[in-house]
Amino acid sequence: MSGAQDQQKMAALVESARQHLTANYRPAPIVLEQGQGATVRDVAGTRYVDLVAGVAVSSLGHGHPRVRQVLLDRADKVLHTSNLYYNQPAIELARRLTELTFADRIFLCQSGTEANEAAFKLARKYHRSRGDDRFEVVSTLGSFHGRSMGALSLTGQPKYHQGFEPMVPGIRHIPYGDIAALDAALTPTTAAVFLEPIQGEGGVRVPPDGYLAAARELCNQRGALLVLDEVQTGVGRTGHFLACQRDGVVPDILTLAKGLAAGLPLGATLAREEVAAALVPGSHASTFGGNPLCCAMACAVIDEISAPAMLQRIRQLGDLIGARLSEWCRRYPFCVEARGRGLLWGLELSQPLPSLVDQARARGVLTNLIGEKVVRCAPPLVIREDELDAGLSALEAALTAAAGAA
Ligand SMILES: *Cc1c(COP(=O)(O)O)cnc(C)c1O
């Protein structure tokens with residue numbers, strides 16, 4: 001247990017945060033400081049099982065020895081080179097990503113938003129560079145692609161658009177998982193189709209089997225590029241290095257970020273040679289892109305996560321979560337559906353349970369809600385089975401308490 005003094009210190013920090021940070025988030029009133037594996041500790045000393053992983057970011061959990069080693073190794077080296085010069089970690093990371101995926105070339109940046117912005121621009125530029133007048137992009141309802149004007153316009157959730165209109169023109173949104181709707185939406189001016197293999201922020205929506213493959217086929221027939229946003233599903237999250245590799249689907253462009261660098265900001269836009277060729281000198285850039293520390297961290301993450309035994313373990317843990325959440329759906333009327341794959345799961349509730357996240361935290365587990373009715377379970381990929389078990393038990397107790405209070 002934590003002392004009253006530590007609690008006071010934390011309360012003062014929260015108060016300061018509320019005064020000085022913009023109020024565009026609704027953070028829980030705790031300040032996290034330390035962690036080990038899938039357990040984090042706040043500044044007042046309270047421990048929590050982390051079932052959020054900073055929204056699918058802390059892939060190696062907390063306090064991982066490889067992470068520490070990278071930080072130490074890079075401490076005396078240049079922290080930034082700009083893109084006027086090369087740096088070794090960026091070269092190494094690009095090589096590793098091309099070895100592990102369909103991609104021939106990698107554009108490096110800082111976030112999922114930025115990776116998608118680059119993908120959007122690249123899709124248009126590719127067609128323009130061939131003298132083709134294709135500029136339209138088809139995206140899906142319920143999708144999430146980021147918050148810059150381009151990525152926001154791709155995002156198929158009107159609530160995020162409110163007050164920021166007009167959106168970037170040339171984007172249409174169709175129902176997710178509906179191949180007939182995609183067929184109908186493709187026109188001779190379609191440049192690209194943007195899809196998440198599983199919609200993350202849309203509520204962990206898993207499309208019908210064969211959806212990605214059918215989308216690939218339609219894009220081939222109609223001359224549109226297939227862009228997969230794997231910012232949330234990539235880098236092992238679903239038990240495959242890329243979620244699309246499970247289906248054997250090869251996109252033209254694919255984006256990564258979130259778990260790529262274990263918590264350091266790094267995004268990547270992956271592309272086939274023919275498509276990437278549109279990025280000629282001066283066409284696109286990012287000052288911080290290819291940061292050596294972030295890229296060295298990503299190389300360590302890839303070493304750890306891409307091992308077949310690791311990916312298999314993620315799939316097995318995913319089966320455990322799926323079984324547990326499905327059991328709750330049979331047992332509790334307020335649990336409606338469990339969806340997910342690997343270590344990315346959503347539990348749909350029949351109604352909002354406003355006190356759930358607080359109830360969970362009071363029982364020593366961090367979870368979060370997507371929208372009002374989907375509980376996300378996306379722990380660090382290195383979570384131990386006993387940690388996961390304890391976290392889920394606490395979550396179950398929190399759910400029944402929150403349902404009782406609702
Ligand atoms: C989180 C997310 C983004 C945005 O990433 P940021 O790093 O927050 O810019 C884009 N696409 C998907 C699928 C995401 O889950």
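Biologist: Why is Gly 404 called exposed?
Modeller: Its relative accessible area is 66%. Exposed means over 50%. Gly 404 passes that cut-off, so the label holds. Bear in mind that this is a predicted model.

Biologist: Where is Gly 404 found?
Modeller: In helix H15. From Gly 404 to Gln 221 the C-alpha separation is 53 Å, and the two lie 183 residues apart along the chain.

Biologist: What makes the span of H15 close to the expected one?
Modeller: H15 covers residues 385-405, which is 21 residues. The expected span is 1.5 Å times one less than the number of residues. That gives an expected 30 Å, and the C-alpha distance from first to last reaches 30 Å.

Biologist: Which residues of H15 are buried?
Modeller: Among them are Glu 387, Leu 388, Gly 391, Leu 392 and Ala 394. Leu 395, Glu 396, Ala 398, Leu 399 and Ala 402 are on the list too. Each is called buried because its relative accessible area is under 20%.

Biologist: How do you know whether H13 and H15 are roughly parallel or antiparallel?
Modeller: Their axes cross at roughly 20° and come within 12 Å. Angles under 35 degrees count as roughly parallel. Therefore H13 and H15 are roughly parallel to each other. Their crossing is right-handed.

Biologist: Which residues meet in the contact of H13 with H15?
Modeller: On H13, they include Leu 317, Leu 320, Ile 321, Leu 325 and Trp 328. Arg 313, Arg 324 and Arg 331 also take part from H13. Their partners in H15 include Leu 388, Leu 392, Leu 395, Leu 399, Glu 385, Asp 389 and Glu 396. By class, the contact has 9 nonpolar residues, 1 polar and 6 charged.

Biologist: Why is H3 called roughly antiparallel to H12?
Modeller: H3 (residues 65-74) and H12 (residues 292-305) pack at about 150°, with axes 10 Å apart. Angles over 145 count as roughly antiparallel. Hence the label for H3 and H12. The crossing of H3 and H12 is right-handed.

Biologist: What makes up the contact of H3 with H12?
Modeller: It divides into 8 nonpolar residues, no polar and 4 charged. H3 brings Arg 66, Val 67, Val 70, Leu 71 and Arg 74. The H12 side includes Leu 293, Met 297, Asp 303 and Glu 304.

Biologist: What is the phi of Val 204, and where does Val 204 lie?
Modeller: Phi is positive, about 50°, although Val 204 is not a glycine. The residue lies in the loop between strand S7 and helix H9.

Biologist: How do you know whether Val 204 is buried or exposed?
Modeller: Val 204 has a relative accessible area of 0%. Buried means under 20%, so Val 204 is buried.
Val 235 also has a positive phi, about 55°, and is not a glycine. Its place is the loop between S8 and H10. At 3% relative accessible area, Val 235 is buried.

Biologist: Why does Ala 243 count as buried?
Modeller: Its relative accessibility is 2%, under the 20% cut-off, so Ala 243 is buried. Ala 243 is found in helix H10. Leaving aside neighbours within four places in sequence, Ala 243 is in contact with Pro 197, Glu 230, Thr 233 and Thr 238. Glu 196 is 47 residues away in sequence and 9.2 Å away, C-alpha to C-alpha.

Biologist: What is the omega of the peptide bond from Glu 165 to Pro 166?
Modeller: Omega is near 5°, and the bond is cis. Pro 166 has its place in the loop between helix H7 and strand S6.

Notes:
Residues numbered from 1 in each chain as written. Predicted model: local features only at pLDDT ≥ 70, side-chain atom pairs only at ≥ 80, totals over all residues. Heavy atoms only, no water. Axes fitted to C-alpha atoms, helices over the stretch in contact; angles between N-to-C directions. Helix = DSSP H or I, 4+ residues; strand = E, 2+ residues; numbered from the N terminus. Parallel < 35°, antiparallel > 145°, perpendicular 65-115°, else oblique. Left-handed = near helix turned anticlockwise from the far one by under 90°. Contact = heavy atoms within 4.5 Å. Nonpolar A, V, L, I, M, F, W, Y, C, P; charged D, E, K, R; others polar. Buried < 20%, exposed > 50% of the residue type's maximum accessible area, 1.4 Å probe, protein only.
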